[in-house]
Amino acid sequence: MPGSAGAFGAELPRAGRRRQGVGLRMTNATTAPVARQSLVVIGNGMAGMRTVEEMLKLAPELYDITVFGAEPHGNYNRILLSPLLAGEKNIDDIMLHTREWYAANGITLHAGDPVVHIDRRKRMVRSTSGREVWYDRLLLATGSKPFIVPVPGHKLAGVIGFRDIQDVDTMLEAARSGGHAVVIGGGLLGLEAANGLLRRGMQVTVVHVMDSLMNQQLDKPAALLLKTALELKGLNFRLDTHTSEIVGDARVKAVRFKDGRDIPADLVVMAAGVRPNIELAKAAGLHCERAIVVDDTLQTYDPRIYAVGECVQHRSATFGLVAPIWDQAKVCGAHLARNGHRRYVQQATPTKLKVTGVDLYSVGDFIGGEGSEDLVLRDPRRGIYKRLVLAGNRIAGAVLYGDVQDGPWYFGLIQNRTDISAMRSRLLFGEALCAQAA
């Protein structure tokens with residue numbers, strides 16, 4: 001595995017520069033102009049553009065930057081697709097970088113023209129339209145794609161994922177006619193999609209293979225409270241249920257389960273997880289396992305190529321939440337800027353659900369293990385549940401439902417490995433009471 005600081009060596013040969021021309025930058029009034037290097041970014045999403053932002057803070061004149069994106073837009077906040085679907089946001093609200101921003105920063109954007117080939121020997125990428133650009137440094141930010149459960153009928157019209165603006169447009173079009181929507185997947189994304197479709201007037205059933213919702217983020221008592229609250233909003237659930245077939249001719253009409261029962265469906269949203277989008281990297285011969293393998297500097301096994309976001313695998317872990325990806329962008333941006341002293345370190349990341357009127361917060365190890373202890377507060381009448389998992393005199397994990405205002409405080413205690421022995425008896429009642437007692 002390569003290190004990072006050594007990735008930037010002597011002046012690179014001209015073959016690494018863009019065919020369209022070599023940019024120039026003036027170092028000072030008495031020296032000759034220095035040719036800019038070429039940075040090509042594959043992926044116009046949050047991870048790639050945040051990395052470019054971090055790099056520009058440190059070395060705004062170092063590169064000619066070319067960005068290729070699969071979608072015909074500027075960079076937008078994918079986290080806000082759920083509020084967009086629910087009608088709480090519009091397109092302008094979720095845009096992070098308009099085309100004017102790219103122009104103002106001297107960035108060439110090829111939106112709607114994804115890269116289809118990487119030639120590592122020539123250090124060249126080629127897009128769908130046939131455009132070729134040479135690179136000195138290449139940043140892969142290809143993200144992930146929804147996992148479409150491969151049951152019969154999964155390619156029918158009306159069966160979609162929930163990953164981009166086009167998916168939202170498809171859902172909104174279906175919602176205009178009302179009818180039934182089936183969301184396959186009772187995790188974070190599935191529940192947000194279900195809530196949005198419900199608010200748009202559809203009857204919605206969530207199908208989940210496990211016996212509790214958000215099983216990767218919540219323990220069962222919190223999951224039961226969540227299910228009850230969402231049922232009161234009008235959602236229907238089929239838990240511990242396996243889909244066997246999507247029924248229809250040209251378009252979906254129903255979803256059939258392994259027990260032989262079926263339910264009507266005018267729209268099926270697959271929200272059963274995502275898979276890192278690594279086909280392009282694999283075809284280029286980069287080392288991939290579940291995702292593109294990177295070191296602590298976000299460098300791949302090719303020292304000229306970096307990768308960030310949902311397409312990467314770092315120390316056996318993959319990523320789907322924004323906080324670790326922001327950390328990756330800061331580290332990767334520094335190394336691209338030749339300011340390579342940072343290293344990426346994985347940290348616990350909290351989970352929140354974007355459903356109006358439902359408050360939950362989960363972070364760390366909420367399962368516990370041998371030697372761990374639980375502190376639990378239940379107030380069913382007020383719909384409040386808190387569970388803290390302790391390992392020794394430190395908090396290892398937290399699940400909060402109904403009252404989440406102390407979530408960031410617990411998160412800080414976990415990150416800082418704070419000794420909580422002096423406030424153990426008051427810990428469940430939050431930061432304010434603990435501070436008063438201290």
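Mentor: Start with the term: buried means under 20% relative accessible area, exposed means over 50%, and partly exposed lies in between (1.4 Å probe, protein chains only). This is a predicted model: local features need pLDDT of at least 70, side-chain atom pairs count only at pLDDT 80 or more, and totals for chains, interfaces and linings use all residues. Residues are numbered from 1 along each chain as its sequence is written, and side-chain values use heavy atoms, with hydrogens and water left out.

Of the 438 residues in the protein chain, 52% are buried. Now the cores. A nonpolar core is a set of buried Ala, Val, Leu, Ile, Met, Phe, Trp, Tyr and Cys residues joined through side-chain atoms within 4.5 Å. The largest one has 52 residues. Those with the most contacts inside it are Ile42, Met55, Ile65, Ile118, Val125, Leu138 and Leu140. Helix H1 (residues 46-58) supplies the largest share of this core, five residues. Helices (H or I, at least four residues) and strands (E, at least two) are DSSP runs, numbered from the N terminus. A second, separate core holds 45 residues, including Leu85, Leu191, Met202 and Val206.

Look at Leu140 next. Contact means heavy atoms within 4.5 Å. Beyond its neighbours within four places in sequence, Leu140 is in contact with Ile42, Ile118, Ala281, Leu286, Ile292, Ile305, Tyr306, Ala307, Val308 and Cys311.

Cys311 brings us to the cysteines. A disulfide is a pair of cysteine sulfur atoms within 2.5 Å. The structure has zero of them. Take Cys332: its closest cysteine sulfur is in Cys311, 10 Å away, too far for a bond. Cys332 counts as buried because its relative accessibility is 0%. Cys434 is buried too, with a relative accessible area of 5%.

Ser362 lies in strand S26 (residues 360-364). Its relative accessibility is 4%, so Ser362 counts as buried. The side chain of Ser362 reaches the backbone oxygen of Gln217 at 2.3 Å. Leaving out residues up to four places away in sequence, Ser362 touches Gln217, Leu218, Thr349, Pro350, Thr351, Ala398 and Val399.

Last, the wider chain. Among contacts between residues at least 6 apart in sequence, 62% join residues at least 24 apart. The C-alpha trace spans about 75 × 65 × 35 Å along its principal axes. The chain has eleven helices and 29 strands.

Technical notes. A polar contact is a pair of N or O atoms within 3.5 Å; within protein, one must be able to donate a hydrogen and the other to accept it, and residues adjacent in sequence count only if both atoms are side-chain atoms.
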